Amino acid sequence: GGLARADRLGWPTTRQEAWKFTNLAPLARLPFQPALPASAQVPVDALPSVVPAGDLAAHRLVFVNGFWRPDLSSPGRLPKGVTLTGLADLLSSDPIRAEAYLGQSTGLEDHALAALNTAFIADGPVVIIGDGVEVKRPIELVMISAGIPGGPPLACHPRLLIVAEAGSAATVIEHHLSLGDAVTLTNAVTELSLGVSARLDHYKVLRENDADVHLATLNGRLERSAFYRGFLLTLGGRLSRNEVRLVLDGREANAQLNGAYLLRGSQHSDITTLIYHARPQGNSEQMFKGVIDGRARGVFQGKVLVRPDAQNTDARQTHRALLLSDDAQVDAKPELEIFADDVVCGHGATAGALDPNLKFYLMSRGISAQEAETLLIQAFIGEAIEEVANEHIREALNLAALKWLGARG
């Protein structure tokens, strides 16, 4: 099964083009052990605070090391037609329904990390929004990494199923946090499916500790007139790679991918995207911004593929990085592969330091050098966060970024 396939595919190496800038070799030498449910016994009072979802109480599921913790969760009263549970629970209670969704994403079978996830699959969040259902309150998925102090590093492999059926609408907020400072590896796979005219806002925030490794693969499929809006904010983790692959498989499907990453020390963040336009009149937009300090390294690889019959496609992508130190690094590789002739496509990538003239202007108005830098960085990142539609979530993300900037000083 998955283990044999993972063994055949092998661990990703920098010899592979998609992994050219992210080296996982040091991880292969660490003696990771699979996390077990017993390792997920976290006391309620130790649950860390998360970015709030605003004034509306969220439907909340909590997972520790990839295992559902009903005692920490508060799903609340769900609208009829909504399923919010753990994968292990769904496999036990309704295996036919679980198997109808599980493993349906194309391309996962040839992905080494996805095969590894399949080999160790045990649990993870399940969000299913039925036909025509609008979920007004945010759905919050809290994913906590809790290593064993003094023990071996743990690896968890959560599988996330997010299904928005025809005409449905929902907002999902996904948080990844750490308890303690022990080493953990999260290798998450998300299978995403949006039906005809479905709408989904999907926010992901990484705030894991400086020792944690976060590897994530999202495979999504959008049907006719579906609209997916994704946002990623990376604030923590020793090494993170978020790979997003979306197939716009219906006419007038629409995808927006935006995000920001703020790195310091020796952190490494890799954002790799592929948007596959398979049908006519599809639209996609990508905008990512990075702030890199210390000896940190940011990577952005964005590819847009337009098939011959995907005429009238509009696809744009932008990546901009701000380097705050001489040792900071960024690698940007935007790609367009177009096989249709009636399209509007474009991409751009820039990297540079803070504008000294703007900094001087602020300082001439009585603002300290550090405050001037903070204001300029805040404005730079704010352009990406402004793309967040929900004002409460937008405010929460801005506050999280401000906290990072405050710690920088």
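Predicted model: local features only at pLDDT ≥ 70, side-chain atom pairs only at ≥ 80, totals over all residues.
Residues are numbered from 1 along each chain as its sequence is written, and side-chain values use heavy atoms, with hydrogens and water left out. Local features need pLDDT of at least 70 and side-chain atom pairs pLDDT 80 or more, while totals for chains, interfaces and linings use all residues.

Searching the whole structure turns up one aromatic pair (ring centres of Phe, Tyr or the six-membered ring of Trp within 6.5 Å; planes under 30 degrees apart are stacked, over 60 edge-to-face, the rest tilted). The ring centres of Phe-288 and Phe-300 are 5.5 Å apart and the planes meet at 40°, so this pair is tilted. Phe-288 belongs to strand 17 (residues 283-292) and Phe-300 to strand 18 (residues 297-306), so the pair ties together parts 12 residues apart in sequence; strands are DSSP runs of E, at least two residues, numbered from the N terminus. Phe-288 is buried at 3% relative accessibility and Phe-300 at 2%, where buried means under 20% relative accessible area (1.4 Å probe, protein chains only).

As for the nonpolar cores (buried Ala, Val, Leu, Ile, Met, Phe, Trp, Tyr and Cys residues joined through side-chain atoms within 4.5 Å), the largest has 43 residues, and Leu-194, Leu-222, Tyr-228 and Leu-246 have the most contacts inside it. Strand 15 (residues 254-263) supplies the largest share of this core, four residues. A second, separate core of 28 residues includes Phe-231, Met-287, Leu-376 and Phe-380.

Conventions: Buried < 20%, exposed > 50% of the residue type's maximum accessible area, 1.4 Å probe, protein only.
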